[in-house]
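Here is a walk through some local features of a structure, from sheet to loops. Have the coordinates open while you read.

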Number of protein chains: 4
Amino acid sequence: MEKQYCQLHEGPIAGAVEGSEDIFEDRLHEECGVFGVAGRSGCAAARMSYMGLYALQHRGQESAGITVSDGHKMICHKNMGMVRHVFDETIIDGLIGTSAIGHVRYSTTGTSSVVNAQPIVARCLKGMLAVAHNGNLINTAALCDELAQGGSVFQTTSDTEVILNLIARYSTESIESAIRKTVSKLKGSFSLVVLHGNTVYAVRDGGGNRPLSLGIVPEGYVVASESSAISSIGGEVLRDIDPGEMVILSPDGIRSQRVLPPTKRALCAMEFVYFSRADSVIEGRLVHETRKEMGRQLARVSEIDADLVVPVPESGFSTAIGYAEQSGLPLDTALVVNRYVGRTFIRPLQAERNMGVNLKLHPISQILRGKRIVIIDDSIVRGTTSKLLVKMLHEAGAKEVHMFISSPPLKYPCFYGIDISASRELIAATCSVDEMRRSIGADSLHFQTIEGLQQSIGLPDGLCLACFNGEYPFGIPRGCDCGSKHILEEEQACL
Amino acid sequence: MEKQYCQLHEGPIAGAVEGSEDIFEDRLHEECGVFGVAGRSGCAAARMSYMGLYALQHRGQESAGITVSDGHKMICHKNMGMVRHVFDETIIDGLIGTSAIGHVRYSTTGTSSVVNAQPIVARCLKGMLAVAHNGNLINTAALCDELAQGGSVFQTTSDTEVILNLIARYSTESIESAIRKTVSKLKGSFSLVVLHGNTVYAVRDGGGNRPLSLGIVPEGYVVASESSAISSIGGEVLRDIDPGEMVILSPDGIRSQRVLPPTKRALCAMEFVYFSRADSVIEGRLVHETRKEMGRQLARVSEIDADLVVPVPESGFSTAIGYAEQSGLPLDTALVVNRYVGRTFIRPLQAERNMGVNLKLHPISQILRGKRIVIIDDSIVRGTTSKLLVKMLHEAGAKEVHMFISSPPLKYPCFYGIDISASRELIAATCSVDEMRRSIGADSLHFQTIEGLQQSIGLPDGLCLACFNGEYPFGIPRGCDCGSKHILEEEQACL
Amino acid sequence: MEKQYCQLHEGPIAGAVEGSEDIFEDRLHEECGVFGVAGRSGCAAARMSYMGLYALQHRGQESAGITVSDGHKMICHKNMGMVRHVFDETIIDGLIGTSAIGHVRYSTTGTSSVVNAQPIVARCLKGMLAVAHNGNLINTAALCDELAQGGSVFQTTSDTEVILNLIARYSTESIESAIRKTVSKLKGSFSLVVLHGNTVYAVRDGGGNRPLSLGIVPEGYVVASESSAISSIGGEVLRDIDPGEMVILSPDGIRSQRVLPPTKRALCAMEFVYFSRADSVIEGRLVHETRKEMGRQLARVSEIDADLVVPVPESGFSTAIGYAEQSGLPLDTALVVNRYVGRTFIRPLQAERNMGVNLKLHPISQILRGKRIVIIDDSIVRGTTSKLLVKMLHEAGAKEVHMFISSPPLKYPCFYGIDISASRELIAATCSVDEMRRSIGADSLHFQTIEGLQQSIGLPDGLCLACFNGEYPFGIPRGCDCGSKHILEEEQACL
Amino acid sequence: MEKQYCQLHEGPIAGAVEGSEDIFEDRLHEECGVFGVAGRSGCAAARMSYMGLYALQHRGQESAGITVSDGHKMICHKNMGMVRHVFDETIIDGLIGTSAIGHVRYSTTGTSSVVNAQPIVARCLKGMLAVAHNGNLINTAALCDELAQGGSVFQTTSDTEVILNLIARYSTESIESAIRKTVSKLKGSFSLVVLHGNTVYAVRDGGGNRPLSLGIVPEGYVVASESSAISSIGGEVLRDIDPGEMVILSPDGIRSQRVLPPTKRALCAMEFVYFSRADSVIEGRLVHETRKEMGRQLARVSEIDADLVVPVPESGFSTAIGYAEQSGLPLDTALVVNRYVGRTFIRPLQAERNMGVNLKLHPISQILRGKRIVIIDDSIVRGTTSKLLVKMLHEAGAKEVHMFISSPPLKYPCFYGIDISASRELIAATCSVDEMRRSIGADSLHFQTIEGLQQSIGLPDGLCLACFNGEYPFGIPRGCDCGSKHILEEEQACL
């Protein structure tokens, strides 16, 4: 199969996609969030999914979609943009059905297109089928080749269409067995939801790389990438779906079966550090509490004398509370964030850089002046943000700026669903901590150790730490031609 | 395979789709127009396709799309709306490639969706493939079943996706042979264009139901549903593609092969009566001239004494000139059309009917008063328009209104690409000419005879006249579950 | 008062403004159309105005607006774009009131802005007041100066705001007397409608330069720029409003008074030639009939031997029928217009000129080949369109092309409401007829004489012929600083 | 002058206005923010204003506008929506000039319209003039009457147009003297910026009700509603503009003059409690520090025994830090806010209330369970939010919920620029503290005392406390007919 791809243009998007400004674009991006509900008669599945996607919006702002089923007919609505742009009252009212799956996808500028929006819906031998997916496969190319040999065609560039085609190919008996057979062929990271009839199938890969939580609502059963999405919509969280488990949600009950053999657990550590919401519970750990513990851990090993702990809004807050608590230092919100400055902000000209930089994040010099500051952030990607931040604090009068990072240095790309690009973009891949400190301009720079992170989370053996230590529990892709761009680049980076 | 379908919602359409008002919606709709170009290095294939689609816009106003290829990579842009809404300078500039195919689809309110917009593009064993189609298959359901058994999935409800899947399934050797094999399986009406690499394949069904014209431009070779689209963009028309012929357009030349066995010719007569543009040439006949001949023919057999010939804007003009010429009666434009009144016009309330009716079409009573009028229209579908028209002319002072119709009575649905709904919507299916005359309120009503139509067109043996005589040269569908709604209704109507 | 102006930007316009392509932009533009209704209880004034503006849309496509009043409260909705873009069901439903005025404004690309959209509405001493205006004043600058001395401010650059301020300034007694006093100060051309309470005041300048027609509907009384707008919405045309007359429309009746002294009549001749709709009646003359007479007149004095009369779509049609009738030559529609090619059409690159030119207007060579053609158009502005047209006809095989123009040569700018720019843009201002013929490439070129035009219209003494003979019945502006751009340019041209 | 008003409809707004959901709409709204810059040659005044308005966006999200001047010509762009929706790169690039004023207006659903967007620009005797205004007048009706007697007309319902008309009326000598004369006629609260030529005039009412800060940038001088807007764009804050002072900013320097006699200072206390950004400095007080002091003050007089201090995101944060510091209690972020849930969120059906309520604000029960909670908020308007909040905390397992409010009870409407509606909507206007506590369901409820607030801010004599004590330093309106709707309601409430 030749290495070709098709880029599908689409018309202008009604509401502009929004996010954070590029001087603060120096952040990690999660790929997706999934939601599913199997409801009894009367269940407004689309409305519930809509609320569930709002609660998962932090996991992806690029596109959003919901597919509903009344058991016979499916209706799907998806588009580029955030949940608030993609759906309105009329659209939700038109999505009639008692079961549904939904999806949000992360926001980037490059290769995004509405054809890659999920869920992906198609008619197959067993009728209508819809699939949504969080994670990333590493053997997509091989699977595509095999399917294409059998006559399959691919209208998108997403893993999800490949998964849907596999299910269709194996569906001679039942969808249930087809999903079992399909997931046994998948290599990589996945938390999948599949809608067929009024049944929702939810599966997690054997290492449990991406979270997936099961819950109950008065109208039926729900599944979501994070437990907080279930509790936020008033549901009760039952438990995590186990690695390698398939849970079958029907209006009247749930069934479970192991569909993949037990492997070493490999839950993404960055879900705790950064991605998941503070009020989510994963593997029994409250994310907010693990973040506070990361802060305490940093404080425990710190030998820095300081006057004030300042969190970087928004992500550093939980960690900063932990650091302040452990160190006994006062905490103050000396950095004010302007939430209105987002992706559509017109970039300042060179001559206006001094105007633009302070607009998104502004230091309160009255608090900082003459002080020795402990600043807490979650991670360092390229280091450009940290450099601006330290400069800003010094200019605002801080005597010393000591930077503490909740996570260990990010040295390796992620192949399992996080947008960490090629190693060469990661400052920690090529610089020592002291080189980074000098580049950033901080008086001192402190990373969490891998052990400190494991202890803070409390799962010493069950974490995927590939981006810190290069040990990839699910392997890395090779010869892929239908993955997204950064995967292809990574391959080259790996040669 | 269960009888399910998926309705894909899409976000609001930028520019509202426009067309004629519903009191004048009593018209036939063509399904589609196709365009293709295989150009040499430097050929701006997207720009040329854009212009070609403008020239074919009358064949479909629902959606428009262009897929370009530079031989390696394909880019597709399509959306709901007319060509002017779907494309702008930036979009066209982004469609980089030297070969392309394009498509326009007809405008309706019901089941339309952007997922059914064409061309449909997918990656298969032989790389990227794009297909666009004018016509309608009658064995889609059987083909779907067969493909689904082999694992295929269908993301749209269009025939075109089925054709694309068949090509992919048969493409183990070459695309050329796969298309040959595919078209041999298709039953019904089709004029197809397929883009693969920088080659365009153009095929017409064995009866030649829909027109397809071949031409040359300085930059390469072109194919279009109508010859006028080729001459309008400055190209030279070479000839019609023959029924059952496949022409392979590459940047450097064209090759031809017969891919379907000879059958009886069955060119749609309504292409001459109504659909095709007056300046198109089909089978060597200038459409405008055949229409004038239809008018002359009506006049020849007419025994009506009248004062004035009045064309119904816009379609009746050519015929009216012919009638006036033959009869020696003067012609005058006593009906003024308001082109601004389109689909987005707010419907008048019951109390305002008298305001609304005259707004779209307005009689000049100063011309009509006391006169015996010959009014010329192309066809009668439900008869509602004709009734309003006759009433309007009488109220404007016409002494007598004699209505002449270019075509014979429309009595049977079309299964080959024209939106003639179930027979029960066709007034001629249930009423005699005199009943129709009374319903319409005309002083006399005259239809073309089938023989008169055949002679006017000059193709006595090669026309599809199914909508007039119920003789379906390509058969009718059965057990279809992936066709469009009216086909399903037709099936029921046929049982 | 300093020569300053303010350009008010506004957000993007929902529906793109549409019109004809620029290679066929070589046309005259009317400035405006006005509509008014004073209805009894229950009259849906907004809906009626909406329909009236649809019937006047040909007089202006730049912006549209309606102001309604229920006698106490006014609501105004206006925006850039055509009636179909500016209004929808929800907006019309929100415009609650029994009396209304409406306005359409012509479409151009330059200085247009929503702040100049009409009606202009303001609160003054006597309550809410709305004004809409067709025509152009020549003493705006002097009036502005005088008003500004008294403290008035101007938020727009339109004559209408000046008129509204004058009425407010003079309204110590009554609106009626204020309008009387106001119009006595205005120099130039105007057909005005003013809404106050539930009364509509309609006034026409002393020469009656722009048409204004009075009518009756079941719900009350209406006024419109053209009689066809009244009959199109089912109303009965009563009569023209007289030059210098003010008609006061109230829900229960109409009153009339002469508000300006009798002057020489100066009705714009181009209203007959081009602007007004064929079914309008002005001064008792049916516009369509005057156009046919212009054609007959051209034929009467013609010494050209030809084979075929071909109208230029759309405007030349009536004239062509007259010419054909008088000359005995056959008429055929050998030029096909593509109505989809409008303002949003992407301009062809230089290399594609041959593609683009034929797309908007396409000759049927089968009809033209070897023939001597009489082509009929209404006017020549820059001559660029005529040149392309003649070239196209020759290339399509016409043996001879003889061009006949309904009107005399356009040599002088218009200051009274038509967008005829500076003289230097008018080919007839600097070239003799023979020079024009050579520039255009026609075998012969024939203009109507001024006398021929006067006889065709049948108003030998009552026409404004300034654009043909430079005799300006209302004078020309001087020292103006709040007029539109072309007026300022004209002033410089006049110095 | 009759009591009429005109509601000007405008087309749909490109980007939907966003804000907080209505269950959390139980908040106060500021009316406006103003910005001005007088720059030297080369100053990109529009870009600077754009950034300044971003920094003031929290003061108004309904509409935004910028007017620039190059000394000769003014260009204004304004529209409904937030700064990011109203402006883009192309628009900003089109706003050419070295001086500018800008405005943001608060977001509500009712009577808003683009005609009321500011700045308001008009041509007067002295040329172009632009005005933007923060505050509210109480004698608008009387001023309107007087102006209308002299012939003025009003196209909007905003105070700003009245102010502009007054300046125009008094501008026979100079704009400077006209502004002096104008402000002497204004009763109420105002911080005004006026643009004329390349000069910006900034004036504050005699009591200094709304803040207005003066600063310097490399390119010239700036003025803004808050000092943080100046420092956020990299400028240096010079000082507050004094009550009754006019500062004249020209490209080369600033001049000051007292234009109003000294009166009692009456700075809005709610600017410290809620409206102004934490990093703004007003009268030398850092807003963040005054908020922490309000928290300390609440803790000082508190006799409550508790386990944890929980801030209400976002406004209660500074106060919560102060309370925690003074009380020695730990602080934790046990309430997670979902920032994606904004104004466009589809309201949950009754049956889904349990889903919707927790979506915007979600408690972390793992932190709250069994704890005695101190919850800190800034104010109570209707009390509906507080009730939901307390219920949510109890359901999450909190043993006791003690609510502390930074400000005294809100008992009286504001006439000076804050959207506090009629007294009957304020729970504190009709209920005792204990009644409120019971209504809200809290275990205890504690308001700041007026004295506590005065001490926290540190301006015991200079604050407007009207909303707490009903003492209106600028009086209240009477007989007003051009104010906004809520003022009229207030009048009725006052009768």
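## The parallel sheet in chain A

Six bridges tie strand S21 (residues 372-377) of chain A to S22(A), and the two strands pair in the parallel sense. Within that pairing, A:Ile375 sits opposite A:Met403 in S22(A). A quick word on terms: strands (E, at least two residues) and helices (H or I, at least four residues) are DSSP runs, numbered from the N terminus, and two strands pair if DSSP finds at least two bridges between them. Bear in mind that this is a predicted model, where local features need pLDDT of at least 70, side-chain atom pairs count only at pLDDT 80 or more, and totals for chains, interfaces and linings use all residues. Residues are numbered from 1 along each chain as its sequence is written, while chains are lettered from A and ligands numbered from 1 in the order in which they are written.

Zooming out, the open sheet has four strands in the order S18-S21-S22-S23 (chain A), with parallel pairing. Its edge strands, each pairing on one side only, are strand S18 (308-311) and strand S23 (444-447) of chain A. From one strand to the next, the twist averages 20°.

## Helices on the sheet

Which strands does helix H13 (residues 384-395) of chain A touch? Packing on the sheet, H13 of chain A touches S21 and S22 of chain A, and its direction makes about 150° with that of S22(A). Helix H15 (residues 433-440) of chain A packs on the sheet too, touching S22 and S23 of chain A, with its direction at about 130° to that of S23(A). These angles run from 0 to 180 degrees between N-to-C directions, and the axes are lines fitted to C-alpha atoms, for helices over the stretch in contact. Contact between two residues needs their C-beta atoms, placed from the backbone, to lie within 7 Å.

## Strand S21 in chain B

Over in chain B, strand S18 (residues 308-311) and S21(B) run parallel and are joined by four bridges; B:Pro311 has B:Ile376 as its bridge partner in S21(B). S21(B) also pairs with strand S22 (residues 400-405) of chain B, in the parallel sense over six bridges, and there B:Val374 partners B:His402. To get from S21(B) to S22(B), the chain goes through helix H13 (residues 384-395) of chain B, and this β-α-β crossover is right-handed (clockwise from the first strand over the helix to the second, with the strands pointing away from the viewer).

Five of the six residues of S21(B) (372-377) are buried, so the strand is largely enclosed by the rest of the structure. Buried here means 20 or more other C-beta atoms within 10 Å of a residue's own, exposed means 12 or fewer, and partly exposed is in between, with C-beta atoms placed from the backbone.

## A buried loop residue

A:Ser407 lies in the loop between strand S22 (400-405) and helix H14 (427-430) of chain A. A:Ser407 counts as buried because it has 26 C-beta neighbours inside 10 Å. Leaving aside neighbours within four places in sequence, its contacts include A:Val273, A:Asp378 and A:Gln448.

A cis peptide bond joins A:Gln118 and A:Pro119, with omega about 0°. A:Pro119 is in the loop between strand S5 (99-105) and strand S6 (120-124) of chain A. In chain D, D:Gln118 and D:Pro119 are joined by a cis peptide bond with omega about -5°.

A:Glu283 is not a glycine, yet its phi is positive, near 50°.
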